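Subject: Structure handover

Hello,

Here is the structure I said I would pass on. Please open it first and then read the notes below it.

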Amino acid sequence: MIKMLPCFVKKLKIVIILGLTAVLHQPALADENYIGMIKTYQPLAAVLHAGKEIPVNIGAKLYPGDTVITQTDAAVGIIFMDGSVLSLGSETRFEIVDFLFKPAERNVSFTSKVSKGTVAFTSGAIGRISPESVKFITPTSTLGLHGTKVLIEVK
Amino acid sequence: MKNCTIFFAIVGLLLAGCSGTTVVLVPDATGKVGKVSVTTKAGQQVLSQSGASTFAGKADKIPTQVKVLDSTKIQNMFGTVLANEPAPPLHYSIYFQFGSAELLPESKPLLIKIFKSIEERKSCDTSIIGHSDRVGDNNTNKGISLARAESVANILKSIGLAGNCLDVRYYGENDPVVATADEVAEPKNRRVEIEVR
């Protein structure tokens, strides 16, 4: 679980070699790169990951590109690797467009898309390091969050 | 039939009038109010006051003038998401002797407190991030910062924390709390940060 680039590249190479000889063991690689975890959950919701629908539970890990979809009366709470906190209300569609968190290199960004529903978001380390880097895209507008807490409703 | 068409036309207009993005700026858990810009193709509004809100109804129209919403209105719109927010992450810092992975004596009892807070949260999602000051070269400092992170991880594991719940990272001298010139000893930078999510 050591996150430094040379180590990661080595692991990636090993995974690629394994992938050539055996079935690609995706979860082992994906696990180290999770960017958020579900902390609170009221059914029913789903996560779209790499084109597949994954059932939601507390402790489920999220990755860049994932979409969280909640149904009537549902709620999902997520904490991201940078410490930012997200709460999704019912009938909400939320997509993690881009999440990059390499504080040592000052290389950070967090862009997400809210297509519908309600959201409460409190920014974390990415917002502290680079306030320009936290963005939300909605059907009509783009939000630039310069810290810290914002509520969004998309109808 | 004609009435029906008119009815649906009106309902359609009403729905169209409702659709759009409402944004409200609120204080965070510490009471701090930040700032958010809301931009469409036609223009921008900036919210910088507690309760300030704007509405972007159409991509080619400027978002509405900033209006401050009262707490009742905010609760009506966002009560559910506010009630379901996860508890904010906890942050701790552990400090070290000069050039070593040996904890300062006063930091040791803190680790027991941290372990308890992880248990209370039933969390399996903790980052341990090692840092150094700028005395010595960057490679040596990366090694020291890793050794620091590992010694904290080992202590937490020896107390009873599951290793698969820990994410260990190290940044050497690259992410100081107190910015200094190279080769300056800074006790506040000789640290391990713990984030319990």
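**Notes on the model**

Asp73(A) counts as exposed, because 12 C-beta neighbours lie inside 10 Å and a residue with 12 or fewer falls in that class. This residue is found in the loop between strand 5 (67-70) and strand 6 (75-80) of chain A. Its phi is positive, about 65 degrees, although Asp73(A) is not a glycine. Most residues other than glycine have a negative phi, and most peptide bonds are trans. Please keep in mind throughout that this is a predicted model.

**Chain A**

Chain A has three helices and 12 strands. Of its 155 residues, 39% count as buried. If you take the contacts in chain A between residues at least 6 apart in sequence, 50% of them join residues at least 24 apart.

The UniProt record, an unreviewed entry, places "domain: FecR protein" at residues 66-151 of chain A. That stretch of chain A is 59% strand and 6% helix, and its end C-alpha atoms are 21 Å apart.

Which way do strand 2 (residues 45-49) and strand 3 (residues 52-55) of chain A run relative to each other, parallel or antiparallel? They run antiparallel and are joined by four bridges. Leu48(A) has Glu53(A) in strand 3 of chain A as its bridge partner. The two strands of chain A form a hairpin with two residues between them, and Ala50(A) in the turn has a positive phi of about 50 degrees.

Just one peptide bond needs a remark here: from Pro43(A) to Leu44(A) the bond is cis, with omega near 10 degrees. Leu44(A) lies in the loop between strand 1 (36-42) and strand 2 of chain A.

**Chain B**

Chain B has four helices and nine strands. Along the sequence they come in the pattern α-β-β-β-β-β-α-β-α-β-α-β-β. The radius of gyration of chain B is 25 Å, whereas the globule rule gives 16 Å for 197 residues; the value is well over the rule, so chain B is more spread out than a compact globule. Its C-alpha trace spans about 85 × 40 × 30 Å along the principal axes. Chain B is divided into domain 1 (18-83) and domain 2 (90-196), and the centres of these two domains, taken over C-alpha atoms, are separated by 38 Å.

Buried residues make up 36% of the 197 residues in chain B. Of the contacts in chain B with a separation of 6 or more, 58% are between residues 24 or more positions apart.

Strand 2 and strand 3 of chain B pair in the antiparallel sense over four bridges, and they form a hairpin with four residues between them. Strand 3 (residues 44-47) of chain B has a covered face, made of Gln45(B) and Leu47(B), and an uncovered one, made of Gln44(B) and Val46(B). Val46(B) is the bridge partner of Ser37(B).

From an unreviewed UniProt entry comes the feature "domain: OmpA-like" at residues 83-197 of chain B. This span is 32% helix and 19% strand, with its end C-alpha atoms 18 Å apart. Strand 7 (residues 126-130) and strand 8 of chain B run parallel and are joined by five bridges; Thr126(B) has Leu166(B) as its partner in strand 8 of chain B. Strand 8 of chain B is mostly covered, with four of its five residues buried.

Glu183(B) lies in the loop between strand 8 and strand 9 (191-196) of chain B. It has a positive phi of about 70 degrees although it is not a glycine. Glu183(B) is exposed, with 10 other C-beta atoms within 10 Å.

**Where the chains meet**

How many residues of chain B are in contact with chain A? There are 45 of them, and they touch 40 residues of chain A. Strand 1 (21-26), strand 2 (36-39), helix 2 (71-83) and strand 8 (166-170) of chain B each supply at least two residues of the side that touches chain A. Strand 1 of chain B gives the most, with six residues. By class, this side of chain B has 22 nonpolar, 12 polar and 11 charged residues.

Strands also pair across the two chains. Strand 11 (residues 142-145) of chain A and strand 2 of chain B pair in the antiparallel sense over four bridges. Within this pairing, Gly144(A) has Ser37(B) as its bridge partner.

Regards

Conventions: Residues are numbered from 1 along each chain as its sequence is written. Chains are lettered from A and ligands numbered from 1 in the order in which they are written. This is a predicted model: local features need pLDDT of at least 70, side-chain atom pairs count only at pLDDT 80 or more; totals for chains, interfaces and linings use all residues. The radius of gyration is taken over C-alpha atoms; the globule rule is 2.2 Å times the number of residues to the power 0.38. A residue is buried if 20 or more other C-beta atoms lie within 10 Å of its own, exposed if 12 or fewer, and partly exposed in between; C-beta atoms are placed from the backbone. Two residues are in contact if their C-beta atoms, placed from the backbone, lie within 7 Å. Domain bounds come from an automatic or database domain assignment. UniProt positions are given in the numbering used here, feature names are shortened, and annotations may be inferred rather than shown by experiment. Ala, Val, Leu, Ile, Met, Phe, Trp, Tyr, Cys and Pro count as nonpolar, Asp, Glu, Lys and Arg as charged, and the others, Gly among them, as polar. Two strands pair if DSSP finds at least two bridges between them.
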